[in-house]
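Hello,

Here is the structure I promised to pass on to you. Have a look at it first, and then read my notes on its aromatic rings below.

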Amino acid sequence: MTGVIDLNTYLPPSERTLPSPDIVYPKMIEGFDTTVRNPLEYYLDNTSLYDVLNALDIPNKRDILLIGFVITLVFFSLYVLKFSWKNKNMAHLFLLGTLICLIGDFFIPVGRYSYYDIQMILPLLIIISQIDAKDLISNKIIILFLSGILLSIAGFIILPRALFFSVFLIMLYIIITSLIILKQRNKSENTSLRI
């Protein structure tokens, strides 16, 4: 699996110290043949924002990611203070905590591949438990979620980087739905939720 992560795409020339050309790696490392490549690696996408900034060749990537994460964290904190100050629902607090952790994953300056997407199940389950199923299905925002699922299931055959787009569509659905839940639960704690 030595060919999965190419450090030259992630580091500027001044920071490229590994792997050194003086080091000769053996063909077999701890029983794994490093020359065998998985043909499915072609379909794996790096969904970190660092990869997007690399593709756009933007300087000071790490600083931009840090500033972006701080701005996002401040926005969510102010949103929670505005709409959930008196709300004592632990499910909402837990939903926001998992949401901040998920969003933070996109801002780290390392590869974020499709195996990270399993973490999206938890906020989706919390959303399902907090909203009536009829309201959830009749919601127009569900198009984002369904588009993301379709792209992740079969889109990689048709569209290049389909997994990249599917992750962002699903995450956008989770963020918007979570913010709507917080806002509407504050307005009417005991009535049914209408999105």
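Rings of Phe, Tyr and Trp (for Trp, its six-membered ring) count as a pair if their centres lie within 6.5 Å; planes under 30 degrees apart make the pair stacked, over 60 edge-to-face, and the rest tilted. Please keep in mind that this is a predicted model, where local features need pLDDT of at least 70 and side-chain atom pairs count only at pLDDT 80 or more, while totals for chains, interfaces and linings use all residues. Residues are numbered from 1 along each chain as its sequence is written, and side-chain values use heavy atoms, with hydrogens and water left out.

By the ring rule, there are 7 aromatic pairs. In one of them, the centres of F106 and F168 are 5.1 Å apart and the planes meet at 40°, so this pair is tilted. F106 belongs to helix α4 (residues 90–107) and F168 to helix α8 (residues 162–187), so the pair ties together parts 62 residues apart in sequence. Helices here are DSSP runs (H or I, at least four residues), numbered from the N terminus.

F106 is buried at 4%, whereas F168 is partly exposed at 27%.

Another tilted pair is F145 with Y173, at 5.3 Å between centres and 40° between planes. F145 sits in helix α7 (residues 142–158) and Y173 in helix α8, 28 residues apart. Y173 is buried, at 2%.

Finally, F106, F164, F165 and F168 form one aromatic cluster.

Enjoy exploring!

Note on methods: Helix = DSSP H or I, 4+ residues; strand = E, 2+ residues; numbered from the N terminus. Buried < 20%, exposed > 50% of the residue type's maximum accessible area, 1.4 Å probe, protein only.
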